[in-house]
Amino acid sequence: MVQAKPPFPSKLLLLSLLVSILAIFDNGVQCFQGKKVLSMHKFQWKQGSNSSTCLSQETRWENGATILEMKHKDSCSGKILDWNKKLQKHLIMDDFQLRSLQSRMKSIIYGQNIDDSVDTPIPLTSGIRLQTLNYIVTVELGGRKMTVIVDTGSDLSWVQCQPCKRCYNQQDPVFNPSTSPSYQTVLCSSPTCQSLQSATGNLGVCGSNPPTCNYVVNYGDGSYTRGELGTEHLDLGNSTAVNNFIFGCGRNNQGLFGGASGLVGLGRSSLSLISQTSAMFGGVFSYCLPITETEASGSLVMGGNSSVYKNTTPISYTRMIPNPQLPFYFLNLTGITVGSVAVQAPSFGKDGMMIDSGTVITRLPPSIYQALKDEFVKQFSGFPSAPAFMILDTCFNLSGYQEVEIPNIKMHFEGNAELNVDVTGVFYFVKTDASQVCLAIASLSYENEVGIIGNYQQKNQRVIYDTKGSMLGFAAEACTFD
């Protein structure tokens, strides 16, 4: 048998060079360290595939924690016949959400009442609140199951109530407090009524016969809820009872809230669910937002037992930036890396960034966004561009690709905490055929505006809020309810 000779050295050199070239260029795209593969089939929406009914979400008790199934509220909206239209309206309404938060901040700081009239109708922009990207859970109020939106940017929880002067359509029966023996109205003279200013940006208004505590909550797109404060027995599932839970009994509500019965506020004021259950759960809650808007489930965990989490990376914590005037959650963003490149901008570490589950797209100060955009475009080169859409100005036409390699984006916070954005949270699909796909991060108008970390960049993350310890943690997790 003749022994095979080793390859000629020049052939080895040529083969090594060829492998190196293939590693650098893939379909004409320059490759950098720190990239992830995005399969385009993950973003194929089925026209009209949604259920027309709002199915009850599940709850379970595990190791001292209450775990509620979370879904995107589109699963409670009926059939979606035109995904392109819906995805585009998501962005339009998200801009209103940002304006609403900024308006509320100014109202709280400067002590201005947004609107102290309970009866004057507010015109709706485009008629309805069209599907900002919020998530829903199911709870029991007064023994009745209700599907409600959860939002860290809100404090006052509320549901629609009978008799209703003006109500939007919801899937569950409207709550009737007159049939509940445990319902009680909150009086105008009570300390609870005085706390409405910090929770809603509006002062409580005295009703008559009896002197109820009337509230007003306005949202940036023109939708609103108005009614009186009450207390009721709240059950989060598996006999997790909250007695005398303070909430808004909405008699005048407008806007399409995805067919949900109302909203549960997870903010920091004394009226939020978190504050009202602090003795039970220690002021700790967490969520994991699923990657898709329908069918898939995530979880909302009440309590701080980390054994119930399914994170695949260690939890890294950063401190919450204190702001006594504003009941929101603020963090100190110290840097961003794109691929393996740390972008440079003067605004890092200067002002607090708000993190919010109700805002979709992350907004950054102009100097940070421009540095991020420049580096991202540099690393994601070779793909055809597409027109900008609304607040998103870095767009591509990826309709001819089955999968693409995209630069990893990692946000860094004080204390070496990191939010490694999931591959599904980097691009926003304006069109379902991928002919208009945009970087899912936008710029604020001014450098001194408050930045916001939106829920699109929080998908497939376990985000832990420790309100008593003033810490917030991040860890990667494939979000499910199982």
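**Strands, core and rings**

Guide: Let's begin with a pair of strands: β19 (residues 333-338) and β20 pair in the antiparallel sense, over 2 bridges. Two strands count as paired if DSSP finds at least two bridges between them, and strands (E, at least two residues) and helices (H or I, at least four) are DSSP runs numbered from the N terminus. This is a predicted model, where local features need pLDDT of at least 70 and side-chain atom pairs pLDDT 80 or more, while totals for chains, interfaces and linings use all residues. Residues are numbered from 1 along each chain as its sequence is written, and side-chain values use heavy atoms, without hydrogens and water.

Visitor: Which residue is the bridge partner of T337 in β20?

Guide: T337 has A342 as its bridge partner.

Visitor: What holds strands of a sheet together, and in which order do the 4 strands of the open sheet run?

Guide: Strands of a sheet pair through backbone hydrogen bonds, either parallel or antiparallel. Here the order is β20-β19-β25-β26, with antiparallel pairing. At the edges stand β20 (341-342) and β26 (417-420), each with a single partner strand, so one side of each has no neighbour in the sheet. Helix α7 packs on this sheet, touching β19, β20 and β25 (409-413). Touching, or contact, means heavy atoms within 4.5 Å.

Visitor: Which residues touch the most other members of the largest nonpolar core?

Guide: A nonpolar core is a set of buried Ala, Val, Leu, Ile, Met, Phe, Trp, Tyr and Cys residues joined through side-chain atoms within 4.5 Å. Buried means under 20% relative accessible area, with a 1.4 Å probe and protein chains only. In the largest core, of 73 residues, L300, I336, L398 and F427 touch the most other members. Helix α7 (residues 366-379) gives the most to this core, with 5 residues.

Visitor: How are the rings of Y183 and F247 arranged?

Guide: A pair of aromatic rings is described by the distance of the centres and the angle of the planes. Rings of Phe, Tyr and Trp (its six-membered ring) pair if their centres lie within 6.5 Å; planes under 30 degrees apart are stacked, over 60 edge-to-face, and the rest tilted. By this rule there are 17 aromatic pairs. The centres of Y183 and F247 are 6.0 Å apart and the planes at 70°, so this pair is edge-to-face. For Y287 and Y465, the centres are 5.5 Å apart and the planes at 45°, so that pair is tilted. Y287 and Y465 are both buried.

Definitions and conventions: Buried < 20%, exposed > 50% of the residue type's maximum accessible area, 1.4 Å probe, protein only. Axes fitted to C-alpha atoms, helices over the stretch in contact; angles between N-to-C directions.
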